[in-house]
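User: I have a structure open and would like to go through it with you. Could you help me find my way around?

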Amino acid sequence: MPIRYFMAILAFSSIFFAVSAQASLKLPATVKVDPAALEFEPMCDPKISPSWRKAQVIEGVKIEASEQCSPDNPHLIAAVVKGTNNISMGTLMETGLSPDTIIKTDDMDGDGDPDRITIKLEIIELNGRTPDFEGVIPTFDIAPGIQPGAWVFAPKTSGMSTENFESLRANSLLRLPSPVIRVEVGDIVQIVLENTHYFPHTIHLHGVDHPFSHHEYGGGDKYGNDGVPQTSEINLLPGERRVYEFQARQPGTMFYHCHVQTHTHLAMGLAGMIIVEENRPNNWLQTLNIGGGKVRHPSVAIKEQFDQEYDLQYHAMDKQLHEIIQKYNDPRLIARDMNRRYDLTDSTEDYFTLNGLSFPYTLRESMIIAEPNQKIKLRMLNSGGEMVAIHTHGHKATITHYDGVEHNPAAQITRDVFDMAPAQRLDLTLNTTNDGLHNYGEGAWLFHDHREKGITTDGMSEGGSMSMIAYKSYLNELGLPKVAHGIDLSVYFTKEYYQRKIPIWQDIGQNGSLGAAGARSGMDLETRTTMLNLISGFFVGILIYLIVARQQQVKSIVTSAVSKLKGFKGSKAND
């Protein structure tokens with residue numbers, strides 16, 4: 001082929017590549033996710049009656065108002081205050097509790113309240129595998145579309161684990177975290193654990209004043225009282241029941257958890273707060289606080305000093321661990337993966353919860369709702385496996401107790417970051433006096449874990465255990481915060497947000513410059529690179545062709561050039 005044809009092809013290819021490259025420099029259009037394509041959830045749980053938010057009296061029990069979007073069932077509060085043996089059948093039917101869930105009897109000191117308390121707990125699996133269909137049951141979402149497998153201690157119920165025959169959603173009594181247990185100094189307390197699970201379990205009363213054994217040590221009885229299979233008792237096997245008994249002598253914020261294979265069973269959710277209140281006359285306590293949060297029937301001692309009380313449990317979960325029960329329905333395979341294959345030292349924490357929920361669900365029931373000039377009691381527990389660092393915006397609270405023991409009042413610390421090691425408890429006093437120290441004024445102030453991963457859900461922000469200290473003047477009619485500048489929180493109440501399908505800044509700015517980039521017009525980078533390689537190869541091929549095809553000419557040109565160079569050097573030397 002004549003060389004002129006090769007040169008023409010080369011020129012055409014170069015022009016085509018240049019034009020295509022120029023076209024590819026044009027930025028693609030911004031693509032916006034249509035809100036109509038998203039599955040928005042109601043920001044408040046539609047199955048919860050707004051009437052539950054009101055202050056009311058049921059069975060003679062005064063129940064404080066709760067401005068929370070999704071408050072506790074007031075009938076349930078009345079039942080756990082009076083005991084399921086001391087209420088009407090109508091009230092009991094409104095709760096779903098078994099008639100023997102909480103038995104309160106015997107005013108032994110004659111001060112007007114019962115002193116013998118029996119509490120019955122079961123062990124329930126949430127979001128576990130079922131052989132009947134693809135999916136998990138009963139479902140408990142910690143955030144939109146987020147369903148980690150979990151185990152919890154739960155109050156004994158009289159019904160199904162699901163809401164009804166048609167629903168997969170867990171009965172409201174069966175949820176993360178395990179319920180807060182509240183008793184009084186001097187009460188004779190029996191916690192009856194009925195092992196309704198397929199694994200062995202126990203209860204360890206962490207920090208609670210309790211005897212090592214029900215019987216004199218050395219008697220050979222298998223029923224210990226410390227919950228530790230290695231030292232105190234044998235495992236409580238499926239289908240068995242065991243009674244843990246104590247009569248606490250010291251008040252404080254304590255902890256209870258399973259002590260079988262603790263590295264996994266505690267992380268799976270078998271952990272809760274246990275609170276021993278100061279003894280007072282006529283002190284009928286809210287024995288269970290299902291889900292934690294605001295205590296709507298505080299103790300007499302708390303009402304002497306505080307305007308409100310909140311129970312706040314922080315927990316974290318490793319997705320790899322919690323997915324094990326979603327892979328199998330054979331306990332042998334679950335035991336194999338949990339006890340022999342799962343390596344806690346290689347674990348990561350993926351889900352971070354406050355009272356069993358992650359943002360935005362924390363706004364439904366775990367906000368601290370305040371008014372100016374209040375003193376609010378906060379009881380905090382870290383049941384996760386790593387340190388947390390809880391930061392309160394707009395406030396500095398005072399640490400009054402560590403692990404249930406009062407700190408020297410003269411040395412109590414006021415700060416805005418509260419670090420808690422695993423299993424540690426703190427009691428805080430939140431003072432809402434606007435003095436520039438304790439409080440900076442009213443608002444919807446964030447409070448969150450200042451380890452930045454603590455505000456993510458499976459790595460996606462915003463999520464995690466963050467919530468708000470919201471003043472009543474900053475709440476809307478639903479009990480949700482009125483945030484500034486028209487910020488819309490509804491996008492967080494979609495599954496798509498946590499599936500990473502929504503450009504989080506698509507609505508910022510009039511031109512939407514931080515939205516998602518659409519398909520690039522023209523030639524993409526990979527094609528351009530391929531074309532460049534082809535053309536470069538083409539150039540090299542032409543050069544090789546010219547050298548081979550015109551070998552004699554090239555040789556003559558080189559020889560002539562060398563001769564001229566030698567002649568030039570010789571003439572220069574003669575000069």
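This is a predicted model: local features need pLDDT of at least 70, side-chain atom pairs count only at pLDDT 80 or more; totals for chains, interfaces and linings use all residues.

User: OK, and pockets? How much space lies in the largest pocket?
Analyst: About 1200 Å³ of space lies in the largest pocket. Its lining is made up of 40 residues, of which D45, E163, R169, A170 and S172 are the closest to the centre. The elements that contribute two or more residues to this lining are helix 3 (89-93) and helix 9 (362-365), and helix 3 gives the most, with 3 residues.

User: What classes of residue make up the lining of the largest pocket?
Analyst: There are 19 nonpolar, 10 polar and 11 charged residues in the lining of the largest pocket.

User: And the second largest pocket, what lines that one?
Analyst: The second largest pocket, with about 520 Å³ of space, is lined by 20 residues, and D488, V491, Y492, I504 and D507 lie nearest its centre. By class, the lining of this second pocket divides into 12 nonpolar, 4 polar and 4 charged residues.

User: Changing topic: how many helices and strands does the chain have?
Analyst: The chain has 12 helices and 29 strands. It runs to 575 residues, of which 49% count as buried. If you take the contacts with a separation of 6 or more, residues 24 or more positions apart account for 72% of them.

User: Can we look at one strand? How many residues of strand 26 are buried?
Analyst: Strand 26, residues 425-431, is mostly covered, with 7 of its 7 residues buried. From this strand R425, D427, T429 and N431 point one way, while L426, L428 and L430 point the other way, and all of them are buried. In a regular strand, side chains alternate between the two faces of the sheet.

User: Which way do strand 20 and strand 26 run, parallel or antiparallel?
Analyst: Strand 20 (residues 375-382) and strand 26 run antiparallel and are joined by 7 bridges, with M380 standing opposite L426. Strand 22 (residues 397-402) also pairs with strand 26 in the antiparallel sense, over 4 bridges, and there H401 stands opposite D427.

User: What about the open sheet, in what order do its strands come?
Analyst: That sheet has 5 strands in the order 11-13-14-9-15, with mixed pairing. Its edge strands are strand 11 (204-206) and strand 15 (288-289), each of which pairs on one side only. Strand 11 is joined to strand 13 (residues 252-257) by 3 bridges, and the two run antiparallel, with H204 opposite H257.

Terms used:
Residues are numbered from 1 along each chain as its sequence is written. Side-chain values use heavy atoms; hydrogens and water are left out. On a 1 Å grid over the protein atoms alone, a cavity is a set of points where a 1.4 Å probe fits but cannot get out, and a pocket is an open set with protein on both sides within 12 Å along at least five of seven lines; lining residues have an atom within 4 Å of a point. Grid points are joined across faces, edges and corners, and a volume is the space filled by probe spheres set on the points. Ala, Val, Leu, Ile, Met, Phe, Trp, Tyr, Cys and Pro count as nonpolar, Asp, Glu, Lys and Arg as charged, and the others, Gly among them, as polar. Two strands pair if DSSP finds at least two bridges between them. Buried means under 20% relative accessible area, exposed over 50%, partly exposed in between (1.4 Å probe, protein chains only). Contact means heavy atoms within 4.5 Å.
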